[in-house]
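Here are my notes on this model, point by point. Please read them with the structure open.

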Amino acid sequence: MARIDSGPLFRPINRWDTVSDTRLGAGAINAFLKRLGRECGFDFVPDLSSHSFRRGLSTSAARERVDFELIKKQGGWKSDSTVWGYIEEGQLLTNNASTVLMEKLQSHLQSK
């Protein structure tokens, strides 16, 4: 509807529905996330932020085997270690020995 073909995708819209040429600031994203979180009834609303989106991007993209350099570029990170830290933290509950053992136990119990 905004007919955006270049520049920032997420932009402020004023009360007269005029779309700005500038990017939407992090504060606006944070306010939006908190409002959405409250409407969804989340109990972790105080912890929501635009930073959560960036971290979530790295975790989700890594799970889908997106190339590391693409993840780093999309998130705007300069440090490899920061991105690897987010990816590893996001995989703590998915890529570990306990998960494999619990899945085998579940399979065994279901077969009985």
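1. Which residues does Leu48 touch, not counting residues up to four places away in sequence? With those left out, Leu48 touches Leu33, Lys34 and Gly37. The model is a predicted one, and Leu48 sits in its loop between helix 1 and helix 2. Leu48 is buried, because its relative accessible area is 16% and the cut-off for buried is under 20%. Its C-alpha atom is separated by 20 Å from that of Arg11. Along the chain, Leu48 and Arg11 are 37 residues apart.

2. Confidence next. The protein chain has an average pLDDT of 86. A score of at least 70 is reached by 94% of the residues. Among the parts of the chain, confidence is highest in helix 3, at a mean of 92. Confidence is lowest in helix 5 (residues 97-111), where the mean is 83.

3. Helix 2 passes a simple length check. Helix 2 covers residues 50-63, which makes 14 residues. At 1.5 Å a residue, helix 2 should span 20 Å. Its end C-alpha atoms are 20 Å apart, so the two values agree. The buried residues of helix 2 are Ser58, Thr59, Ala61 and Ala62. Just after helix 2 comes Arg65, with a positive phi of about 60 degrees.

4. The largest nonpolar core has eight residues. They are Ala61, Ala62, Phe68, Ile71, Trp77, Val83, Tyr86 and Ile87. Helix 2, helix 3 and helix 4 are the elements that give two or more residues to this core. Helix 4 supplies the largest share, three residues. In soluble globular proteins, nonpolar side chains tend to be buried together.

5. Leaving out residues up to four places away in sequence, Trp77 touches Arg54, Arg55, Ser58, Ile71, Lys72, Thr82, Val83 and Tyr86. Ser58 is one of the buried residues of helix 2.

6. How many salt bridges are there? The count comes to three. One joins the side chains of Arg11 and Asp21, at 3.7 Å from N to O. Both partners lie in the segment before helix 1 (26-40), 10 residues apart. Arg11 counts as buried because its relative accessibility is 14%. Asp21 is exposed, at 65%.

7. A second salt bridge pairs the side chains of Arg35 and Glu39, with an N to O distance of 3.7 Å. Both residues are in helix 1, four residues apart, about one turn of the helix. An α-helix has 3.6 residues a turn, so residues three or four places apart point the same way. Arg35 counts as partly exposed at 43% relative accessibility. Glu39 counts as exposed at 59%.

8. Asp80 and Lys72 form another salt bridge, and their closest N and O atoms are 2.6 Å apart. Is Lys72 buried or exposed? Lys72 is buried, with a relative accessible area of 15%. Asp80 is partly exposed, at 34%.

9. Phe42 is partly exposed, with a relative accessible area of 39%. Phe44 is partly exposed too, at 36%.

10. Phe68 and Trp84 form another pair. Their ring centres are 4.4 Å apart and their planes are at 10 degrees, so they count as stacked. Phe68 lies in helix 3 (residues 68-75) and Trp84 in helix 4 (residues 80-90), so the pair ties together parts 16 residues apart in sequence. Trp84 is partly exposed, at 42%.

Technical notes:
Residues are numbered from 1 along each chain as its sequence is written. This is a predicted model: local features need pLDDT of at least 70, side-chain atom pairs count only at pLDDT 80 or more; totals for chains, interfaces and linings use all residues. Side-chain values use heavy atoms; hydrogens and water are left out. The expected span of a helix is 1.5 Å times one less than its number of residues. Buried means under 20% relative accessible area, exposed over 50%, partly exposed in between (1.4 Å probe, protein chains only). A salt bridge is a side-chain nitrogen of Lys or Arg within 4 Å of a carboxyl oxygen of Asp or Glu. Rings of Phe, Tyr and Trp (its six-membered ring) pair if their centres lie within 6.5 Å; planes under 30 degrees apart count as stacked, over 60 as edge-to-face and the rest as tilted. pLDDT is the predictor's confidence in each residue, from 0 to 100. A nonpolar core is a set of buried Ala, Val, Leu, Ile, Met, Phe, Trp, Tyr and Cys residues joined through side-chain atoms within 4.5 Å. Contact means heavy atoms within 4.5 Å.
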